[in-house]
Structure formats: structure tokens, C-alpha cells
Amino acid sequence: MYELIKNLGTWLTSGSQWAGTDGIAHRLAEHLQYSLLATLVAAAIGLPLGLLIGHTGKGAFVAINLASFGRALPTVGLVVLVFLAGGLSMLPVYVALVALAVPAIVTNTYAGMTAVDPDVKDAARGQGMRGHQVLFQVELPLALPLIMTGLRLALIQVVATATIAAYVSFGGLGRYVFDGLAQRDLVQVLGGAVLVAVIAVGLDLLLSGLQRFLFRHRTA
């Protein structure tokens with residue numbers, strides 16, 4: 001075990017391991033690109049849907065259950081299915097990652113909207129606010145903490161799962177995991193796994209700290 005940890009440390013800190021198109025820096029940039037793009041697309045889908053059903057109260061059962069269905073989909077199976085239908089491209093990876101991220105965004109956005117005190121919404125309407133004004137000036141600001149939590153959870157899930165890009169011969173940190181398995185190189189497999197874990201935990205700490213800073217003046 002000591003020898004394995006020593007070799008892992010050497011692998012992670014070697015200068016040659018960080019250089020070139022197969023280096024850690026390049027693979028990390030690819031991994032973050034896949035993760036951020038997939039999360040942005042998921043947000044473009046999930047946020048409007050969560051806001052709509054939270055504001056109107058209509059379609060909640062269908063939307064939440066569809067979101068839960070998306071969470072239950074096997075990620076690798078979805079990649080293979082889209083791969084067979086669309087051919088070799090990053091599309092299967094992005095479809096799978098977006099499907100993974102949407103449920104957390106929808107459910108947390110909906111939860112944030114429904115947590116807004118009905119009396120506050122009634123008071124806003126009583127002051128003459130229209131529906132869209134209530135949504136964007138009252139409900140959305142109050143729901144933002146839970147919405148941001150959903151975005152944070154979605155991003156961390158996507159970062160942890162973006163290794164599947166290597167499953168269809170693309171890049172990212174998953175390249176080390178799949179290549180290491182193929183070569184029976186345990187150090188490379190562990191190195192890839194450690195890097196993904198560190199990035200996921202680091203982003204979670206960064207975003208949770210940002211969230212606490214932005215809403216530091218709000219009462220619990």
C-alpha cells in the first residue's frame with residue numbers, strides 16, 4: 001500500500017505528467033469544459049421549468065416525476081443508446097450529463113418557489129404587481145438560495161460523472177481511468193479517480209462558500 005501511495009504521489013507531481021495533450025492540465029481543462037457546458041444546458045432547461053411550475057402550481061406532478069425518471073436513467077446506458085443513434089461524437093456524453101443535471105435543478109427550483117410565503121405573494125399582488133413582476137421581483141429573489149443549491153448539486157454530479165466521455169474515446173480525466181484499466185495500470189486509474197474527486201470537492205467548497213457569502217445577510 002505504501003508503495004502504491006508513493007507511486008501515486010510521483011504520478012501526480014511529475015512535471016512530464018502535466019505537460020502535453022495527454023497531460024493532467026489539458027485533461028482537466030477538457031473535463032471542466034464538458035462539465036460546465038452540460039450544466040449550463042441543463043440550467044437552460046431546468047430553471048425555466050422549475051420556475052414555471054413553482055409559479056403557476058401547474059404540471060408539478062408530471063415535471064417532478066419526469067425529473068426523477070431522468071435521475072434514474074443509467075448514465076452509461078444512455079450514452080450507448082445515443083451513440084448508437086447518433087454516431088461517434090460528444091453528443092451522447094452531453095445528453096447523458098444534461099439528463100443527470102436537470103432533475104436536481106428542477107426539483108430545487110420548484111422547492112425554492114413553493115417555499116416562498118404565500119402571504120408575501122398575496123401582498124405583492126395587492127400592491128398591483130402583475131404575475132411576471134411577482135415572479136421576478138418577489139418569488140425568484142426569495143427562492144435563489146435553494147435554486148443555487150440545485151445548481152451546485154447538479155454541477156458536482158456532472159463533474160463526477162463526466163469521466164464517461166472517455167468511454168466513447170473522448171478526453172477529460174476519465175481518460176486516465178479507462179486507459180489505466182485497459183493497461184492494468186492501477187496508479188493511473190487511482191490518479192484519475194483522485195483528480196476527479198479533488199475537483200468535485202473543490203468546486204463544492206467554492207460554490208458553497210460563494211453561496212454563503214451572497215446570502216450572508218439572510219436569516220435562516
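Arg-184 sits in the loop between α9 (174-183) and α10 (186-214). In this predicted model, its phi is near 55 degrees, a positive value in a residue other than glycine. Most residues other than glycine have a negative phi. Arg-184 counts as exposed, because its relative accessibility is 81% and the cut-off for exposed is over 50%.

A positive phi also occurs after helix α3. Gly-57 follows α3 and has a phi near 75 degrees. Helix α3 itself covers residues 24-56. Its 33 residues should span 48 Å at 1.5 Å a residue. The end C-alpha atoms of α3 are 47 Å apart, which agrees. The helix is kinked, however: a kink of about 30 degrees is centred on Ala-43.

Together with Leu-37 and Ile-45, Val-41 makes a nonpolar surface patch of about 230 Å². Val-41 counts as partly exposed, at 37% relative accessibility.

Helix α6 (residues 91-114) has 24 residues. At 1.5 Å a residue they should span 34 Å, and the end C-alpha atoms are 34 Å apart, in agreement. This helix bends by about 25 degrees at Ala-101. A proline, Pro-103, follows within four residues of the bend. Of the 24 residues of α6, 17 are buried, so the helix is largely enclosed by the rest of the structure.

The largest nonpolar core holds 22 residues. Ala-38, Ala-42, Met-90, Val-93 and Leu-97 touch the most other members. The elements giving two or more residues to this core are α3, α6 and α8 (131-161). The largest share, 10 residues, comes from α6. In soluble globular proteins, nonpolar side chains tend to be buried together.

Charged side chains also pair. The structure holds five salt bridges. One of them joins Lys-121 and Glu-139, with an N to O distance of 3.7 Å. This pair links distant parts of the chain. Lys-121 belongs to helix α7 (residues 118-126) and Glu-139 to helix α8, 18 residues apart. Lys-121 is buried, because its relative accessible area is 13% and the cut-off for buried is under 20%. Glu-139 is buried too, with a relative accessible area of 0%.

A salt bridge also forms between Arg-152 and Asp-204, at 2.7 Å from N to O. Here the link runs between helix α8, which holds Arg-152, and helix α10, which holds Asp-204. The two residues are 52 residues apart. Arg-152 is buried, with a relative accessible area of 18%. Asp-204 is partly exposed, with a value of 26%.

Within helix α9, Arg-175 forms a salt bridge with Asp-179. The closest N and O atoms of this pair are 3.1 Å apart. Arg-175 and Asp-179 are four residues apart, about one turn of the helix. Arg-175 counts as buried at 15% relative accessibility. Asp-179 is partly exposed, at 23%. Finally, Asp-22, Arg-27 and Glu-30 are linked in a network of salt bridges.

Note on methods. Residues are numbered from 1 along each chain as its sequence is written. This is a predicted model: local features need pLDDT of at least 70, side-chain atom pairs count only at pLDDT 80 or more; totals for chains, interfaces and linings use all residues. Side-chain values use heavy atoms; hydrogens and water are left out. Buried means under 20% relative accessible area, exposed over 50%, partly exposed in between (1.4 Å probe, protein chains only). Patches are made of residues with over 30% relative accessible area and no salt bridge: like charges are joined within 9 Å, nonpolar side chains (Val, Leu, Ile, Met, Phe, Trp, Tyr) within 5 Å. Accessible areas come from the Shrake-Rupley method with a 1.4 Å probe; for residues, only the protein chains shown count as cover. A salt bridge is a side-chain nitrogen of Lys or Arg within 4 Å of a carboxyl oxygen of Asp or Glu. The expected span of a helix is 1.5 Å times one less than its number of residues. The bend at a residue is the angle between axes fitted to the seven residues ending there and the seven starting there. A nonpolar core is a set of buried Ala, Val, Leu, Ile, Met, Phe, Trp, Tyr and Cys residues joined through side-chain atoms within 4.5 Å.
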